[in-house]
Amino acid sequence: MNTAIAQKESSASAHPVVAPDRWLAARKTLLAHEKELTRLRDQIARERRALPWVHIRKNYVFDAPEGRRSLADLFQGRHQLMVQHFMFGPGWEQGCPSCSFMADHVAGMALHLAQRDVSFVAVSRAPLADIERFRQRMGWQFKWVSSHGSDFNHDFGVSFTPEQVADGAVPYNYQVQAFPSDEAPGVSVFYKDDAGTVFHTYSTYGRGVEVMMGTYDLLDLTPKGRDEHNAAYPMDWVRHHDRYAPAAPVKAASAGGACCQASESQV
C-alpha cells in the first residue's frame, strides 16, 4: 500500500471520538469560522463585481457547429458570457482530464445560469471536428467552439508558444512562471451592453477554476477530504468520466501523462 495512504488511513482510524456535547462545542467553534469565510466570500464577490472593465476591440471569430461566430454572437441574446478555457490543443487526442472534470459539472448549472442572464461556452484551440468528436464521446450538450487560428487563447493567457514553455517564462495567472504545457485552464467572464459593445470583466486561473468543481466542495465536507496524495499534481486521480474503473481504486492513480501537472507553486 502507498505509504501516504497508509499513514492517512491510520490517522483516520485514530481520530478522536467524543461525547455529543463535546462534538457540539467543537462544531460551534468551526461554525464561527465557516461564517467568517462566508462573509469574506461575499466581500470578495462584491470587490470582483466592482472591478473596472476592458473594452474588447479585437474581432475574435470562432468555429461553431452552426458556422463562424464572433465573440458577441456567443452571448446568445444574453448580457453576460462565461467562458471555460478548456485545455484541448491542436493535435491532441482528447481534452484534458481536469478540464473535463470541470465540464462534467456544467449540465446541472447551465440552465440556472441562463435564468440569471448568463450564457456558458467552452473554448479550445483544437479544430472543431476534434472538439465535436470528443464532446460526443463524453455526452456533453453545452456549447463548445474552436478558437483555432485565433489570438483568443493567447490574449487571455491560456495558450503559450513552445519557446515560452521551454524558457519557463509563461505569462499565467497574472505572473510569469514555468508551466508544463502549452495550454492552461481558466474561466473568463464578459459583458455585452445593449449597444452590442463587449467588455472583459474577470478571469481566474490556477486553483481559481475550482469554482466549477462542485465535487470538491462536497469532498471537503467528508472525513477524508479530497484524499489527494500527489503534492506536485493533486488531481492525478481524475479521469475522463468514461475511463474510471467500476470501483474506486485502493491505490492512488499515477499521473499517466495528464496534461495539467502544475505544482501548487504554479497555481
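**Entry 1: burial and S188**

I then looked up S188 and noted that, because its relative accessibility is 0%, S188 counts as buried.

I found S188 in strand β9, which covers residues 186-192; helices (H or I, at least four residues) and strands (E, at least two) are DSSP runs, numbered from the N terminus. Which side chain makes a polar contact with the side chain of S188? I found that it is the side chain of S203, at 2.4 Å. For a polar contact I used a pair of N or O atoms within 3.5 Å; within protein, one must be able to donate a hydrogen and the other to accept it, and residues adjacent in sequence count only if both atoms are side-chain atoms. I also listed what S188 touches, leaving out residues up to four places away in sequence, and the list includes M82, H85, F156 and Y205; contact here means heavy atoms within 4.5 Å.

**Entry 2: confidence**

I checked the pLDDT, which is the predictor's confidence in each residue, from 0 to 100. The protein chain averages 91, and 88% of the residues score at least 70. Over residues 253-257 the pLDDT is below 50, and I noted 8 contacts in the model for this stretch beyond near neighbours in sequence. Residues 263-267 also have a pLDDT below 50, with 17 contacts in the model beyond near neighbours in sequence. I wrote myself a caution that where pLDDT is low, the predicted coordinates should not be read in detail.

I then looked for pairing, where two strands pair if DSSP finds at least two bridges between them. Strand β4 (residues 80-85) runs parallel to β5 and is joined to β5 by 6 bridges, with M82 standing opposite F120. Strand β6 (residues 143-146) pairs with β5 over 4 bridges, again in the parallel sense, and A122 stands opposite W144. The chain crosses from β5 through α5 to β6 in a right-handed β-α-β crossover, where right-handed means that, with the strands pointing away from the viewer, the path from the first strand over the helix to the second runs clockwise.

In helix α5 I looked up E132, which counts as buried because its relative accessibility is 16%. E132 and W144 are 12 residues apart in sequence, and their C-alpha atoms are 8.1 Å apart in space.

**Entry 3: the nonpolar cores**

I looked for nonpolar cores, meaning sets of buried Ala, Val, Leu, Ile, Met, Phe, Trp, Tyr and Cys residues joined through side-chain atoms within 4.5 Å. The largest has 27 residues, and those with the most contacts inside it are F86, F88, W140, F142 and W144. Helix α3 (97-103), β5 (118-124) and α5 (128-138) each supply at least two residues of this core, and α3 gives the most, with 4 residues. Apart from it lies another core, of 23 residues, among them I56, F62, L74 and F190.

In α3 I stopped at C99, which counts as buried because its relative accessibility is 1%. Leaving aside neighbours within four places in sequence, C99 is in contact with Q84, H85, F86, M87 and P185.

**Entry 4: a positive phi**

Most residues other than glycine have a negative phi, and most peptide bonds are trans. I noted that Q76 has a positive phi of about 55° although it is not a glycine. Q76 lies in the loop between β3 (67-70) and β4, and Q76 counts as partly exposed because its relative accessibility is 43%.

Terms used: Residues are numbered from 1 along each chain as its sequence is written. This is a predicted model: local features need pLDDT of at least 70, side-chain atom pairs count only at pLDDT 80 or more; totals for chains, interfaces and linings use all residues. Side-chain values use heavy atoms; hydrogens and water are left out. Buried means under 20% relative accessible area, exposed over 50%, partly exposed in between (1.4 Å probe, protein chains only).
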